[in-house]
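Please view the model alongside the text.

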Amino acid sequence: MVGSPVPPTRVAVLISGSGSNMAALIDATKADDAPYEVVLVLSNKPDAGGLAVAEAKGVPTAAVDHRPFGKDREAHERAIDAILMEHGVEVVALAGYMRLLTPWLVSRWDGRMLNIHPSLLPKYPGLDTHARAIEAGDTEAGCTVHLVTEGVDEGPALGQAAVPVLADDTPAALAQRVLTAEHRLYPETLAAFCRDR
Ligand code: GRF
């Protein structure tokens, strides 16, 4: 007997900026057998450029400005989480979401929240990854998709892609090369993750 098809996983993408990874994640859902759908793009910055990009692609958006919450990070996250619930979100993909998360949100989405980081973790967690790779004389750089845990950029890796560091590379040139790799890696890794759930 043939079972009914598994519905695609309902994914929310959290952004703070231009959202080029978010756009790649949405574009990959155009495939007939896409194992996930992006049901919401949410930003902590109401003026994030990515929100207009998502709207143009027909994906619902929301913004929860962190500023009125002051130092109460958890209250901000609770407001976000309520919107995730309203949209029936099953998996959260962080894509350039520039807020440190509290243990509350991390534990709430334990095993169901992914992030993309522009380095070959465990090398270079945190910021300025491209400058640090060049400074160290690395011949290879890249990106990592990982599960989110309490330690920043420390969760188990689900996928990595490497690119060469070229002679005379600048951080900006390397960042662009890594970003192109990110746009392939994140949709592939999220799709595999959702298929395996
Ligand atoms: C990417 O480099 C990603 O790895 C990092 O933040 C950047 C976001 O870029 N976490 P974009 O907003 O997806 O263009």
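By class, 14 nonpolar, 14 polar and five charged residues make up the lining of the largest pocket. In this classification Ala, Val, Leu, Ile, Met, Phe, Trp, Tyr, Cys and Pro count as nonpolar, Asp, Glu, Lys and Arg as charged, and the others, Gly among them, as polar. The model is predicted, so local features need pLDDT of at least 70 and side-chain atom pairs count only at pLDDT 80 or more, while totals for chains, interfaces and linings use all residues. Residues are numbered from 1 along each chain as its sequence is written, and side-chain values use heavy atoms, with hydrogens and water left out.

The space in the largest pocket amounts to about 850 Å³. Of its 33 lining residues, Gly96, Tyr97, Met98, Ile116 and His117 are the closest to the centre. At least two lining residues come from each of helix 1, strand 5 (113-117), helix 5 (129-135) and helix 6 (171-196). Helices (H or I, at least four residues) and strands (E, at least two) are DSSP runs, numbered from the N terminus. A pocket is an open set of points on a 1 Å grid over the protein atoms alone, with protein on both sides within 12 Å along at least five of seven lines; a cavity is a set of points where a 1.4 Å probe fits but cannot get out, and lining residues have an atom within 4 Å of a point. Grid points are joined across faces, edges and corners, and a volume is the space filled by probe spheres set on the points.

The second largest pocket has a volume of about 180 Å³. Its lining consists of Val6, Pro7, Pro8, Thr9, Asp33, Ala34, Pro35, Glu90, Cys194, Arg195 and Arg197, which divide into six nonpolar, one polar and four charged residues.

Helix packing comes next. Two packed helices are described by the angle between their axes and the distance between the axes. The axes of helix 1 (residues 20-27) and helix 2 (residues 49-56) come within 9 Å and cross at roughly 15 degrees. Helix 1 is therefore roughly parallel to helix 2. Axes here are lines fitted to C-alpha atoms, for helices over the stretch in contact, with angles from 0 to 180 degrees between N-to-C directions. Angles under 35 degrees count as roughly parallel, over 145 as roughly antiparallel, 65 to 115 as roughly perpendicular and the rest as oblique. Met22, Ala23 and Ile26 of helix 1 meet Gly50, Val53 and Ala54 of helix 2, where contact means heavy atoms within 4.5 Å. Five residues of this contact are nonpolar, one is polar and none is charged.

For helix 1 and helix 6, the axes come within 9 Å and cross at roughly 45 degrees. That angle makes helix 1 oblique to helix 6. Ser20, Asn21, Ala24 and Leu25 in helix 1 meet Leu179, Glu182, His183, Tyr186, Pro187 and Leu190 in helix 6. This contact has six nonpolar, three polar and one charged residues.

Two backbone features remain. The peptide bond from Leu121 to Pro122 is cis, with omega near 15 degrees, and Pro122 lies in the loop between strand 5 and helix 5. Asp153 is not a glycine, although its phi is positive at about 60 degrees; Asp153 is found in the loop between strand 6 (140-147) and strand 7 (157-164).
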